[in-house]
Amino acid sequence: MTMIDKSLTDLLYGFSVAFQPHNLVWSIFGVVAGNLIGVLPGLGALAAISILLPLTYTMAPVAAILMLAGIFYGSMYGGAIGAILLNLPVHSPHAVTCLDGYPLTKNGRGGAALGVAMIASFFAASVGILVMVFFSPLLVEVAFKFGPTEVFSIMLLGLLAGSTMAKGSAVKGVAMTLLGLLLGIAGTDVDTGMTRFTFGLLPLDDGVDLVALCMGLFGVGEFLLSVNRMAVVGSGLKMRLRDMRPSKEELKKSFFPMLRGTAVGTFFGVLPGTGPTITTFVAYALERKVSKTPERFGHGAIEGVASPEAASHSKTQVDFIPTMTLGIPGDAVMALILGALLIQGIQPGPQLIIAHPDIFWGLIASFWVGNLLLVLLNVPLIGLWVKLLQVPYKYLFPSALFFIAVGCYSTQNSLFQVGEVLVFGIVGAILIYLEFSVAPILLGYVLGPMVEENFRRALLISHGDMMVFIHRPISAWFLGACAALILVQVAAFIIKKRRRPRPDGETPANRRMHFMDNET
Amino acid sequence: MRKRAINKDYYGGALMILFGLGAVFDGFSYGVGSLRHMGSGFFPAAIGALLALVGVMTAIEGLGRKSAAVGQDASPEWRGWLCILGGIVAFIVLGEYTGLLPATFAIVFISALGDRKNSVKVAAILALSMCVVAVIVFWWALQLQFPLLQWGAR
């Protein structure tokens, strides 16, 4: 009981932080900017956050993190609009929303679908926030018992889950994580002062730049692959305010799917390393299985919109739990937010709630403010978003390229960073072309130095005995989970090999998703 | 246009083996140390070895697999690629020697020409409007430390 009381008091404190004018303004700015960028074709949450990340360097930590979080869930709302109205999975978690959202638009119920998506999103986000409020302190209590051994093992689990459960081949995902780890430890080794992988370039002594890495992989790399290949999107679409009101029938049909979607999202949010894409797909599949009329799916079933949208939003919120309390990001976007915190000199982990209660509780409270604002914002502005969706790619990418270049320059006031973007852009394009999913690189990059540090410390304490990771019970559990994860993958691989020929004939929608997949 | 299908898993695997072995090689030059007292090279070498191993597994996974999803990577897009990369290079060079305005114009103008549907006129208008954004947002509002116009290396 006291625990709940305490959480509620802390939450009130959080609201007082979130409502400080300075913080509120930045939070609103983030939400609006995220929504805007999320609507633009070809730019997802990752691109949005990395473009605006340099802005935060001069900001106070609380305002900075509120803004970045706002961009994140703001862009999720934006993504749903493109998916439903134009069959355009602006970013991959919304690909599944297209399946029923677009048919609804063709049937003239696109507005209602958007309305349902928004209601479901808001509801799911609220549930996710509540889970975060009451679950985080519990997790923190456990996390305080963690030494370097446990931290290493749980990071290993997070990395492994992040790379194998993302999209595409699990082995390739692991390869990308390892590559990320190597990139993460480039620069000066804090223990010995030795510089590693710098190729004699002095600016690399401080390590690879986070913003340059992101914008290279997810911005430039993506442009290189989409230039002259991005299809022209439909025009002549009109959307008015009153079209957005779903009928009673539609609301009733989407109520339980919304609940189920929220539950799926919450569950996957607590599991580290599961991307939002897989979450929405599971939610959709579940809905289809539960439905009495599965044949309606794919032809405009409102349940197929409500459930995945709810899932992606509850997951988005719950995802912040491991990131903030354990310092282990669930996916690439979270890794980016973690990196932003580190730049601000704040170490996420069990101490965060106590050392920086303003950040933690302020962030939670701002989620509510931001989500409410998004609903209020999206209803009147829907006409504008629809227009924005039709901004041709040929204007969009040159402008975005300029923002990327200036943004990278501004991180250190140096053109060297722009050069880094160029290199990572080429590398990213090659990797995406070879069907690697590049998102795990970011996960590895952010965790790299921490993994190394904890590995070293754990073995220093145990005098070089590797068995320490098995002898300590909590650590052993995590390693056991790692082993289970690998076994599942191996089993899946063997089953797939037996069932030849491999079904590589993907559907167009599927292929496009694969193509746009960078934020699993 | 017919293309020779390549097995992406072979190439991807080979690339990972290359990266991995490079890291192992580099790691040894930093000093590996012992498990009890790890040198700077221990972790990179270990990760590199794992990466090379995973590279081998990637290639094995691709055994007998025909290159998938041929539709998405049709003919090479040299014009687009060169313009995007050239735009960034121009930004770096012009930024270093002539300042923000020429650099802004160059990156937008050159990369816009990479899209076949853009004419020179459209690209120029887009580039000029981005120059306005550069002055108002970055130079005036955000006070970016980047001279608008200058001559010679900084």
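Buried area is the accessible area that two parts lose on being put together, summed over both.

**Where chain A meets chain B**

- The contact draws on 66 residues of chain A and 72 residues of chain B.
- On the chain A side, A:Asn228, A:Phe402 and A:Leu415 lose the most area to chain B, together 11% of what that side buries.
- Two salt bridges are counted between the chains. A:Glu435 forms a salt bridge with B:Lys8, and their closest N and O atoms are 3.5 Å apart.
- Several elements of chain A each supply at least two residues to the side that touches chain B, among them helix 8 (170–185), strand 2 (195–196), helix 18 (416–433) and helix 21 (473–498). Helix 17 of chain A gives the most to that side, with 12 residues.

- Look for B:Asp115 in the loop between helix 4 (100–112) and helix 5 (120–141) of chain B.
- B:Asp115 counts as buried because its relative accessible area is 2%, and the cut-off for buried is under 20%.
- Setting aside residues within four places in sequence, B:Asp115 contacts A:Val227, A:Asn228, A:Lys394 and A:Phe397 from chain A, along with B:Arg79 from chain B.
- A polar atom of the B:Asp115 side chain lies 3.0 Å from the backbone nitrogen of B:Lys117.

**The nonpolar core**

- The largest nonpolar core has 177 residues, and those with the most contacts inside it are A:Phe72, A:Phe320, A:Met324, A:Leu442 and B:Phe91. Helix 4 of chain A provides the largest share of this core, 17 residues.
- In soluble globular proteins, nonpolar side chains tend to be buried together.
- Beyond its neighbours within four places in sequence, A:Met324 touches a set of residues including A:Met132, A:Leu341, A:Pro348, A:Leu352 and A:Phe360.

- A:Gly74 sits in helix 4 (residues 61–86) of chain A and is buried, at 0% relative accessibility.
- Apart from residues within four places in sequence, A:Gly74 is in contact with A:Val31, A:Gly34, A:Asn35 and A:Leu374. The C-alpha atoms of A:Gly74 and A:Leu251 are separated by 23 Å, and the two residues are 177 residues apart along the chain.
- A:Pro137 belongs to helix 6 (residues 110–143) of chain A. Its relative accessible area is 16%, so A:Pro137 is also classed as buried, given the cut-off of under 20%.
- Not counting residues up to four places away in sequence, A:Pro137 touches A:Met3, A:Ser7, A:Met132 and A:Trp361. A:Pro137 and A:Ile353 are 216 residues apart in sequence, yet their C-alpha atoms are 8.1 Å apart in space.

**Confidence in chain B**

- Chain B averages a pLDDT of 85, and 89% of its residues score at least 70.
- Among the elements of chain B, helix 4 has the highest mean pLDDT (93) and helix 5 the lowest (89).
- Residues 68–72 of chain B have a pLDDT below 50, and this stretch has nine contacts in the model beyond near neighbours in sequence. Where pLDDT is low, the predicted coordinates should not be read in detail.

Notes: Residues are numbered from 1 along each chain as its sequence is written. Chains are lettered from A and ligands numbered from 1 in the order in which they are written. This is a predicted model: local features need pLDDT of at least 70, side-chain atom pairs count only at pLDDT 80 or more; totals for chains, interfaces and linings use all residues. Side-chain values use heavy atoms; hydrogens and water are left out. Helices (H or I, at least four residues) and strands (E, at least two) are DSSP runs, numbered from the N terminus. Buried means under 20% relative accessible area, exposed over 50%, partly exposed in between (1.4 Å probe, protein chains only). Contact means heavy atoms within 4.5 Å. A nonpolar core is a set of buried Ala, Val, Leu, Ile, Met, Phe, Trp, Tyr and Cys residues joined through side-chain atoms within 4.5 Å. A polar contact is a pair of N or O atoms within 3.5 Å; within protein, one must be able to donate a hydrogen and the other to accept it, and residues adjacent in sequence count only if both atoms are side-chain atoms. pLDDT is the predictor's confidence in each residue, from 0 to 100. Buried area is the accessible area (1.4 Å probe) that two parts lose on being put together, summed over both. A salt bridge is a side-chain nitrogen of Lys or Arg within 4 Å of a carboxyl oxygen of Asp or Glu.
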